Amino acid sequence: MPVFAANLTMMFNEWAFLDRFDAAAEAGFAAVEYLFPYEATPEAIAERLARNNLQQALFNLPPGDWTAGERGIAALPGRFDALKADVERALDYAAATGVRRLHLMAGIADPHDEDAASCYRRSVTYAAGRLAEKGIDLLLEPINGRNMPGYFLNDFAAAERLIAECGLPNLKLQFDIYHRQIIHGDVTMALRRLLPITGHIQIASVPSRNEPDGEELNYPYLFGEIDRLGYDGFIGCEYVPRGHTLDGLGWFKPFARS
């Protein structure tokens, strides 16, 4: 049965960030994820995880200057020293939370630009190597251009190709079903083919990015397929509730921790 991780950046926004851990656990989640932990201390997050017997499924390495429009710096020439510092900062939080997978955002850059592509490969190779020393997987996530125009890694085939070319055992795909459907479609066949290199799955309805209980995708079928394929990782609930978070958890009741 899938193990779902509440995304505390998008869900449970009725509570302050640290209180979302308590709310998610009370709602029956056994794991959590979020985009960035860096406004809270590692110790404060570790305490909430321990208090609620929650697993930390995933978070992102620092993204650069988010308020200025940066969405990662891995593909940005001239930012390699900053990226190395960001890896160390993320590792401090990883040590406190026990997380075993981190996502590296590529940034806003032209995927056909040779300098950007070279910088991205260098950043990925460095980050994966440093994380491997700590037993942590590095994840790459293709993101659709509708939600994030100009994002460098906007194609699943490109991510698959880079993972194969690097040949690093801890470099894996972050398979966001929402992004996959928008970019390419063909979700089920892609899951069957790409699951061996997949380190994390995320979900949301398409096109509205709400609860996974309607619209284009048949999530009950997809959950069954993920089980049949033998996936034993987390499924991150990276969706925006239509209303109050708790009111939209009907889909989750069969999976909730008692």
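Predicted model: local features only at pLDDT ≥ 70, side-chain atom pairs only at ≥ 80, totals over all residues.
**Strand E3 and its partners**

Let's start with E3, residues 55-60. Five of its six residues are buried, so the strand is largely enclosed by the rest of the structure. E3 has parallel pairings with E2 (residues 31-33) and with E4 (residues 101-103). Here's how those pairings look:

| Strand paired with E3 | Sense | Bridges | Residues facing each other |
|---|---|---|---|
| E2 (residues 31-33) | parallel | three | Glu33 and Leu58 |
| E4 (residues 101-103) | parallel | two | Leu102 and Phe59 |

How does the chain get from E3 to E4? It crosses through helix H3 (residues 80-97), and this β-α-β crossover is right-handed. There's a right-handed β-α-β unit on the E2 side as well, made of E2, helix H2 (residues 42-52) and E3.

**Helix H8**

Now for H8, which spans residues 219-228. Which of its residues are buried? They are Tyr219, Leu222, Phe223, Glu225 and Ile226. These cover an arc of only 160° around the axis, so they sit on the same side of H8. Turn to the other side and you'll find Pro220 and Arg228 exposed.

What covers the buried residues of H8? The cover includes two helices, H6 (177-183) and H7 (187-194). Strands E1 (3-7), E7 (198-203) and E8 (234-237) are also among the elements covering them.

How values were computed. Residues numbered from 1 in each chain as written. Heavy atoms only, no water. Buried < 20%, exposed > 50% of the residue type's maximum accessible area, 1.4 Å probe, protein only. Helix = DSSP H or I, 4+ residues; strand = E, 2+ residues; numbered from the N terminus. Arc of directions from axis to C-beta. Contact = heavy atoms within 4.5 Å. Pairing = 2+ DSSP bridges. Right-handed = clockwise from strand over helix to strand, strands pointing away.
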